[in-house]
Amino acid sequence: MFFLIEWIGQGKPYIGESAGSAILAQDIKYILPLENEVERFDDFVGLGVIDFYPLVHFGDKPFDEATKTIFDNYSSKDKMIALNNRQALIIYDNKMLIPS
């Protein structure tokens, strides 16, 4: 998976949906309340491509309670960007855009 870091660094497009967005952060431990099978995890290291934590499915069922818990626990400590299922985060040419 580390080839992704190189590709993204070269400016190649990457589209990450749900966990595909979270994996770009430094670590993924913050997203555990969304995961049903936590015991599968033995490593929480993300790719470290971005310096913030995308919170996907924010406020959308069936993840509404879990995303609120994550937001309440982490948003004051870390740079978190909450995205609902109708939003996308676009990073292009070192600029970040969340189209509505």
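Biologist: Where in the protein is His57 found?

Modeller: This is a predicted model, in which local features need pLDDT of at least 70, side-chain atom pairs count only at pLDDT 80 or more, and totals for chains, interfaces and linings use all residues. Helices (H or I, at least four residues) and strands (E, at least two) are DSSP runs, numbered from the N terminus. In these terms, His57 is found in the loop between strand 1 and helix 3.

Biologist: Does His57 count as buried or exposed?

Modeller: A residue is buried under 20% relative accessible area, exposed over 50% and partly exposed in between, with a 1.4 Å probe and protein chains only. His57 has 15% relative accessibility, and therefore it counts as buried.

Biologist: Which residue's side chain is joined to that of His57 by a polar contact of 2.7 Å?

Modeller: Contact means heavy atoms within 4.5 Å. Leaving aside neighbours within four places in sequence, His57 is in contact with residues including Ser18, Phe63 and Thr67. A polar contact is a pair of N or O atoms within 3.5 Å; within protein, one must be able to donate a hydrogen and the other to accept it, and residues adjacent in sequence count only if both atoms are side-chain atoms. The 2.7 Å polar contact joins the side chain of His57 to that of Asn85.

Biologist: What separates Lys68 and Asp72 along helix 3?

Modeller: The side chains of Lys68 and Asp72 meet in a salt bridge of 2.7 Å, N to O. Asp72 is partly exposed, with a relative accessible area of 46%. Because Lys68 and Asp72 are four residues apart in helix 3, their separation is about one helical turn.

Biologist: How many residues does the largest nonpolar core have?

Modeller: A nonpolar core is a set of buried Ala, Val, Leu, Ile, Met, Phe, Trp, Tyr and Cys residues joined through side-chain atoms within 4.5 Å. In the largest one, the residues with the most contacts inside it are Tyr30, Ile31, Leu34, Ile70 and Met80. Strand 1 (53-55), helix 3 (64-74) and strand 2 (80-82) each supply at least two residues of this core.

Biologist: What is the radius of gyration of the protein?

Modeller: The radius is taken over C-alpha atoms, and the globule rule is 2.2 Å times the number of residues to the power 0.38. With 100 residues, a compact globule would have a value near 13 Å, which agrees with that of the protein: 13 Å.

Biologist: In what order do the elements of the protein run from the N terminus?

Modeller: The protein has three helices and four strands. From the N terminus on, they run α-α-β-α-β-β-β.

Key:
Residues numbered from 1 in each chain as written. Heavy atoms only, no water. Salt bridge = Lys/Arg side-chain N within 4 Å of Asp/Glu carboxyl O.
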